[in-house]
Amino acid sequence: VYALGVVLYELLAGRPPFDGTTPLGVAVSHIQLPPPPLAPLRPDLPPDVEAVVMQALAKQPRARFRSAGAMAHALRQAW
């Protein structure tokens with residue numbers, strides 16, 4: 001679900017949620033930093049859609065969707 005959230009973020013924002021000069025730097029960002037909000041990059045995006053993406057990118061697995069199907073359902077509802 002996290003990886004799907006990363007792909008969805010990149011599709012919506014036009015860039016990945018985390019960038020860096022080295023693969024290790026990017027990996028550390030994924031572990032330690034919250035993803036940047038989508039709203040400044042996509043002001044046209046419904047807030048509920050951003051909430052779905054942010055939930056998919058939650059650091060704690062328990063805070064994410066239980067399945068890709070649950071995420072897809074939430075995304076359909078949000079859009």
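Which residues of helix 4 (residues 68-78) are buried? In this predicted model, in which residues are numbered from 1 along each chain as its sequence is written, local features need pLDDT of at least 70, side-chain atom pairs count only at pLDDT 80 or more, and totals for chains, interfaces and linings use all residues. Side-chain values use heavy atoms, with hydrogens and water left out. The pLDDT, which is the predictor's confidence in each residue on a scale from 0 to 100, averages 96 over the protein, and 100% of the residues score at least 70.

The buried residues of helix 4 are Met-71, Ala-74, Leu-75 and Ala-78, where buried denotes under 20% relative accessible area, exposed over 50%, and partly exposed the range in between (1.4 Å probe, protein chains only). These residues cover an arc of only 100 degrees around the axis, and therefore lie on the same side of helix 4, the arc being that of the directions from the helix axis to the C-beta atoms. An α-helix has 3.6 residues a turn, so residues three or four places apart point the same way. On the other side of helix 4, Arg-76 and Gln-77 are exposed. The buried residues of helix 4 pack against helix 1 (2-13) and helix 3, contact being defined as heavy atoms within 4.5 Å.

Beyond residues up to four places away in sequence, Leu-38 touches Tyr-9, Leu-12, Ala-13, Leu-45, Glu-50, Val-53 and Met-54.

Glu-50, found in helix 3 (residues 47-56), touches Pro-37, Leu-38, Ala-39 and Leu-45, again not counting residues up to four places away in sequence. Glu-50 is buried yet has no salt bridge, the nearest side chain of opposite charge, Arg-15, being 10 Å away; Lys and Arg count as positive and Asp and Glu as negative, whereas His and the chain ends are not counted. With a salt bridge defined as a side-chain nitrogen of Lys or Arg within 4 Å of a carboxyl oxygen of Asp or Glu, the count comes to one, and it joins the side chains of Arg-42 and Asp-44 (2.8 Å, N to O). Arg-42 counts as partly exposed because its relative accessibility is 23%, whereas Asp-44, at 54%, counts as exposed.

How values were computed
Helix = DSSP H or I, 4+ residues; strand = E, 2+ residues; numbered from the N terminus.
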